[in-house]
Amino acid sequence: MSDDPRRAVVASNLDAIQRTIAAACSRSGRDPSTVRLVAAAKTVDPREVAWVVESGVPDIGHNYVRELRAGRSAVPGATWHFIGTLQSGSANQVADLADVVETLVPGNAMRRLARRAAGSGRRLPALVEVDLAGRGTGVAPGLVPEAADEVAATEGLELAGLMTLPPLPADPEESRPYFRRLRELLSEVALRHPAATELSMGMSLDYGVAVEEGATMVRIGTALFGARPPADQGRT
């Protein structure tokens, strides 16, 4: 094992996160194995990402194609999640590099992603991003069933579930209504698409509440790797 002091810090952070997830599962009567920690690794050195994978956390999230490509080349054994805004100009690259896309919105970027995946003989698992906060990024709640139908019918894609990004909370409880609403929306979607079971919600400030409300994936960066410049904190 590396004697780098940073490794001990990351390991300690990871242990604290896993304890928090386990406690939230206990409070809500869930099995901790039903919650996946997605290590949000924006701006993080691939060496630190490798430590997390070696510790038994294979799911790694990246916001940018260049970091996704670099991480995939440098860190074996990971499952790569794209958690940034999907754009038409880079959708083909995301299709080549990602194992899961969490920020899908019907439109041109989605169509390019799907064509590329289908051309490679893949069905790329994807989550529909739901705009519960009125940011203008994601699908409006009332349009989620229609969006889910479109994703499920698109060659090259596999509808895996829903994702949301609430406003940054001053108190974790402020996020609970958003998480509860996403869970309700997934229940509606699952009536037509029972294989859509993933709820990606919860970040460093509120992931315990997200787990209580049914999250199957929590995207955690700052609590795991430490604080980053404000401009880089975004979705983690």
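**Exercise 1.** Does Arg 176 count as buried or exposed, and at what relative accessibility?

*Solution.* The model is a predicted one: local features need pLDDT of at least 70, side-chain atom pairs count only at pLDDT 80 or more, and totals for chains, interfaces and linings use all residues. Residues are numbered from 1 along each chain as its sequence is written, and side-chain values use heavy atoms, with hydrogens and water left out.

Step 1. Recall the cut-offs: buried means under 20% relative accessible area, exposed over 50%, and partly exposed in between, with a 1.4 Å probe and protein chains only.
Step 2. The relative accessibility of Arg 176 is 14%, so Arg 176 counts as buried.
Step 3. Locate Arg 176: this residue belongs to helix H7 (residues 176–192). Helices (H or I, at least four residues) and strands (E, at least two) are DSSP runs, numbered from the N terminus.
Step 4. List the contacts, that is, heavy atoms within 4.5 Å. Apart from residues up to four places away in sequence, Arg 176 touches Val 209, Glu 212 and Glu 213.

**Exercise 2.** Describe how helix H6 (residues 144–152) and H7 cross.

*Solution.* Two packed helices are described by the angle between their axes and the distance between the axes.

Step 1. The axes of H6 and H7 come within 10 Å and cross at roughly 45°. Axes are lines fitted to C-alpha atoms, for helices over the stretch in contact, and angles run from 0 to 180 degrees between N-to-C directions.
Step 2. Classify the angle: under 35 degrees is roughly parallel, over 145 roughly antiparallel, 65 to 115 roughly perpendicular, and the rest oblique. H6 and H7 are therefore oblique to each other.
Step 3. The crossing of H6 and H7 is right-handed. A crossing is right-handed if the near helix is turned clockwise from the far one by less than a right angle, and left-handed if anticlockwise.
Step 4. Val 144, Pro 145, Ala 148 and Asp 149 of H6 meet Leu 185, Glu 188, Val 189 and Arg 192 of H7.

**Exercise 3.** Which residues of helix H2 (residues 46–54) are buried, and what covers them?

*Solution.* 
Step 1. The buried residues of H2 are Glu 48, Val 49, Ala 50, Trp 51, Val 52 and Val 53.
Step 2. Their cover includes H1, strand E1 (36–40), strand E2 (59–62), strand E3 (79–82) and helix H9 (222–225).
Step 3. Consider H1 in this cover. H1 and H2 pack at an angle of about 50°, and their axes are 10 Å apart; the two helices are therefore oblique to each other. Their crossing is right-handed.
Step 4. Arg 6, Arg 7 and Val 10 in H1 meet Glu 48, Trp 51, Val 52 and Glu 54 in H2.
Step 5. Examine the ends. At the start of H2, a side-chain oxygen of Asp 45 reaches to within 2.7 Å of the backbone nitrogen of Arg 47. Just after H2, Gly 56 takes a positive phi of about 100°.

**Exercise 4.** Which residues touch the most other members of the largest nonpolar core?

*Solution.* 
Step 1. A nonpolar core is a set of buried Ala, Val, Leu, Ile, Met, Phe, Trp, Tyr and Cys residues joined through side-chain atoms within 4.5 Å.
Step 2. The largest such core has 67 residues, and Leu 104, Leu 113, Val 218 and Leu 224 touch the most other members. Helix H1 (residues 5–28) gives the largest share of this core, 6 residues.
Step 3. A second, separate core of 6 residues includes Val 38, Val 100, Ala 160 and Met 163.

**Exercise 5.** Where is Thr 164 found, and what does its side chain reach?

*Solution.* 
Step 1. Thr 164 lies in strand E6 (residues 157–164). With a relative accessible area of 0%, Thr 164 is buried.
Step 2. Its side chain reaches the backbone oxygen of Val 130 at 2.8 Å.
Step 3. Beyond residues up to four places away in sequence, Thr 164 touches several others, among them Leu 182, Ser 200 and Arg 219.
Step 4. The C-alpha atoms of Gly 202 and Arg 219 are 6.3 Å apart, although 17 residues separate them along the chain.

Methods
Polar contact = N/O pair within 3.5 Å; in protein donor to acceptor, adjacent residues only side chain to side chain.
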